[in-house]
Amino acid sequence: MDRDAFAELVRQHQPALSRFAARYLRRREDQDEVVQETFLRAWQQIGRFKPDTNFVAWIMTIARFLCMARTKDAQRHPPPATLEPHLEPVAPPLAENLEKLKHACERLPLPQREVVAMRFFDGLDYRAIAEITGDSEVTLRSRLHDALEKLKVQLGAPK
């Protein structure tokens with residue numbers, strides 16, 4: 001693959017990959033580093049990519065692995081406290097219902113939160129999610145069903 005073609009792939013998929021990483025990692029710097037590392041590894045391993053497979057699922061698998069590794073590393077080695085105040089960029093206000101949904105999703109166990117995000121926010125089908133997570137489509141369907149039931153209870157939705 002030539003550099004121009006790969007640069008086009010980066011341009012096309014970087015926003016979605018950034019959103020994907022943001023759901024795993026809190027710090028913007030970590031998110032940006034994972035996205036860069038994902039594309040670097042994809043470039044280095046492009047010879048392993050099978051043209052008849054889903055490119056998005058392939059790079060999200062790499063990103064997921066890097067996010068999980070970074071999360072585990074952060075748990076083992078928390079960063080030292082900073083002496084300067086840390087100012088996060090202010091997010092635009094969300095509608096009240098969307099804010100409730102966001103908090104309810106954050107309370108889901110990671111495997112459920114992950115499948116909800118990939119299915120609804122990334123718009124991936126079960127086959128692509130299965131490629132990324134390594135779980136079967138049946139497992140993912142069950143996990144999504146359980147997650148949606150938990151969200152209904154948390155949000156007080158009528159049955």
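This report describes the fold, salt bridges, aromatic contacts, cysteines and surface of the chain shown above.

The model is predicted, so local features need pLDDT of at least 70 and side-chain atom pairs count only at pLDDT 80 or more, whereas totals for chains, interfaces and linings use all residues. Residues are numbered from 1 along each chain as its sequence is written, and side-chain values use heavy atoms, with hydrogens and water left out.

**Fold and burial**

The secondary structure consists of 7 helices and 0 strands, where helices (H or I, at least four residues) and strands (E, at least two) are DSSP runs numbered from the N terminus. In order from the N terminus, the elements read α-α-α-α-α-α-α. Of the 159 residues in the chain, 31% are buried. Here buried means under 20% relative accessible area, exposed means over 50%, and partly exposed lies in between (1.4 Å probe, protein chains only).

**Salt bridges**

A salt bridge is a side-chain nitrogen of Lys or Arg within 4 Å of a carboxyl oxygen of Asp or Glu. The whole structure contains 11 salt bridges, and the table lists some of them.

| Salt bridge | N to O distance |
|---|---|
| Glu-29 and Arg-27 | 3.3 Å |
| Arg-41 and Glu-37 | 2.8 Å |
| Asp-135 and Arg-143 | 2.8 Å |

Glu-29 is partly exposed at 35% relative accessibility, and Arg-27 is likewise partly exposed, at 39%. These two residues belong to a network of salt bridges that also links Asp-30, Glu-33 and Arg-70.

Arg-41 and Glu-37 both lie in helix 2 (residues 28-44), where they are 4 residues apart, about one turn of the helix. Arg-41 has a relative accessible area of 27% and is therefore partly exposed; Glu-37, with 30%, is also partly exposed. In the remaining pair of the table, Asp-135 is partly exposed at 24%, while Arg-143 counts as buried at 18%.

**Aromatic contacts**

Rings of Phe, Tyr and Trp (its six-membered ring) pair if their centres lie within 6.5 Å; planes under 30 degrees apart count as stacked, over 60 as edge-to-face and the rest as tilted. By this rule there are 6 aromatic pairs. The pair of Phe-20 and Tyr-24 is tilted because the ring centres are 5.3 Å apart and the planes meet at 55°. Both Phe-20 and Tyr-24 are buried. Phe-49 and Phe-55 form an edge-to-face pair, with 5.6 Å centre to centre and 85° between the planes. Phe-49 and Phe-55 are both buried. Elsewhere, ring pairs join Phe-6, Phe-39 and Trp-43 into a cluster.

A charge also sits over a ring: Arg-119 lies over the face of Tyr-126, 4.9 Å from the ring centre. The criterion is that NZ of Lys or CZ of Arg is within 6 Å of the ring centre and within 35 degrees of the ring normal.

**Cysteines**

The structure has 0 disulfides, a disulfide being a pair of cysteine sulfur atoms within 2.5 Å. Cys-67 is buried at 0% relative accessibility, and Cys-105 is buried at 11%.

**Nonpolar surface patch**

Leu-98, Leu-101 and Leu-155 form a nonpolar patch on the surface, with about 220 Å² of accessible area together. Patches are made of residues with over 30% relative accessible area and no salt bridge, like charges being joined within 9 Å and nonpolar side chains (Val, Leu, Ile, Met, Phe, Trp, Tyr) within 5 Å. Accessible areas come from the Shrake-Rupley method with a 1.4 Å probe, and for residues only the protein chains shown count as cover. Leu-98 is located in helix 4 (residues 96-106) and is partly exposed at 41% relative accessibility.
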